[in-house]
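Here are some notes for your first reading of this model. Please keep the structure open beside them and look up each residue as it comes.

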Amino acid sequence: MEILTTKAENGRKVQVAGEVDVSNASKLRDAIDELLAEGVPSVDVDLSQVSYIDSTGIGVLVGAVHRAHDAGLSLVVSNPQRNVARVLDMLGVSGELGIEA
């Protein structure tokens, strides 16, 4: 998995590439938590290059959304590939992650 953080309008975009699973999900959590700790008002986690995500990775995203909300910040997940979007839909977390159908 690779993570690239870039500036975006009113915040940051976190571009994730590869597979997100139990072996590397903590790296994604750390990258997001660093932005939240800095008080970045808006974080967009772009999953367009993520081919696979397991329950650990999904838990990282859901937890990050809750931590952002509790801090008065915004965090959304965008552009999931079809197979990733299907898993998120089946688990019922798409809306919580800010993914529009």
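**Notes on the model**

1. Start with Pro41. Leaving aside its neighbours within four places in sequence, Pro41 is in contact with Asn10, Leu73 and Ser74. This is a predicted model, and that applies to every point below. Pro41 sits in the loop that joins H1 to E3. Its relative accessibility is 47%, so Pro41 counts as partly exposed; to be called exposed, a residue must be over 50%. His69 is 28 residues away from Pro41 along the chain, and the C-alpha atoms of the two are separated by 10 Å.

2. Asn10, one of the contacts of Pro41, belongs to the loop between E1 and E2. Two residues lie between the strands in this hairpin. The phi of Asn10 is positive, near 65°, and the residue is not a glycine. Asn10 has a relative accessible area of 59% and is therefore exposed.

3. Next, the strands on either side of that hairpin. Strand E1 covers residues 2–8 and strand E2 covers residues 11–20; they pair in the antiparallel sense over seven bridges. To find the pairing on screen, look for Thr5, which stands opposite Val14 in E2. In general, the strands of a sheet pair through backbone hydrogen bonds, either parallel or antiparallel.

4. E2 also pairs with strand E3, residues 42–53, here in the parallel sense and over eight bridges. Arg12 has Val43 in E3 as its bridge partner.

5. How many strands form the open sheet, and in what order? There are four, in the order E1-E2-E3-E4, and the pairing is mixed. E1 and strand E4 (74–78) are the edge strands, each pairing on one side only. From one strand to the next, the twist averages 20°. H1 packs on this sheet and touches E1, E2, E3 and E4; the direction of H1 makes about 175° with that of E2.

6. Ser78 is found in edge strand E4. Is Ser78 buried or exposed? With a relative accessible area of 14%, Ser78 is buried, because the limit for buried is under 20%. Not counting residues up to four places away in sequence, Ser78 touches Asp44, Val45, Asp46, Leu47 and Ser48.

7. Asn79 is placed in the loop between E4 and helix H3 (82–91). Like Asn10, which has a positive phi, Asn79 is not a glycine and has a positive phi, of about 55°. Asn79 counts as partly exposed, at 46% relative accessibility.

8. Now the loop between E2 and helix H1 (25–37), where Asn24 has its place. Asn24 counts as buried, at 13% relative accessibility. The side chain of Asn24 reaches the backbone oxygen of Glu19 at 2.9 Å. With residues up to four places away in sequence left out, Asn24 touches Met1 and Glu19.

9. The next point concerns two helices. Two packed helices are described by the angle between their axes and the distance between the axes. For H1 and helix H2 (residues 55–70), the packing angle is about 10° and the axes are 9 Å apart. H1 is therefore roughly parallel to H2, because angles under 35 degrees count as roughly parallel.

10. Which residues meet where H1 and H2 pack? H1 brings Ala25, Leu28, Arg29, Ile32, Asp33 and Leu36, and H2 brings Thr56, Gly57, Val60, Leu61, Ala64, Arg67 and Ala68. Sorted by class, this contact has eight nonpolar, two polar and three charged residues.

11. Leu61 is one of the H2 residues in that contact. With a relative accessible area of 0%, Leu61 is buried. Leaving out residues up to four places away in sequence, Leu61 touches Leu28, Ile32, Val45, Leu47, Ile53, Val77 and Leu97. Leu28 and Ile32 belong to the H1 side of the helix contact. The C-alpha atoms of Leu61 and Ala25 are separated by 9.5 Å, and the two residues are 36 apart along the chain.

Notes:
Residues are numbered from 1 along each chain as its sequence is written. This is a predicted model: local features need pLDDT of at least 70, side-chain atom pairs count only at pLDDT 80 or more; totals for chains, interfaces and linings use all residues. Side-chain values use heavy atoms; hydrogens and water are left out. Two strands pair if DSSP finds at least two bridges between them. Buried means under 20% relative accessible area, exposed over 50%, partly exposed in between (1.4 Å probe, protein chains only). A polar contact is a pair of N or O atoms within 3.5 Å; within protein, one must be able to donate a hydrogen and the other to accept it, and residues adjacent in sequence count only if both atoms are side-chain atoms. Contact means heavy atoms within 4.5 Å. Axes are lines fitted to C-alpha atoms, for helices over the stretch in contact, and angles run from 0 to 180 degrees between N-to-C directions. Angles under 35 degrees count as roughly parallel, over 145 as roughly antiparallel, 65 to 115 as roughly perpendicular and the rest as oblique. Ala, Val, Leu, Ile, Met, Phe, Trp, Tyr, Cys and Pro count as nonpolar, Asp, Glu, Lys and Arg as charged, and the others, Gly among them, as polar.
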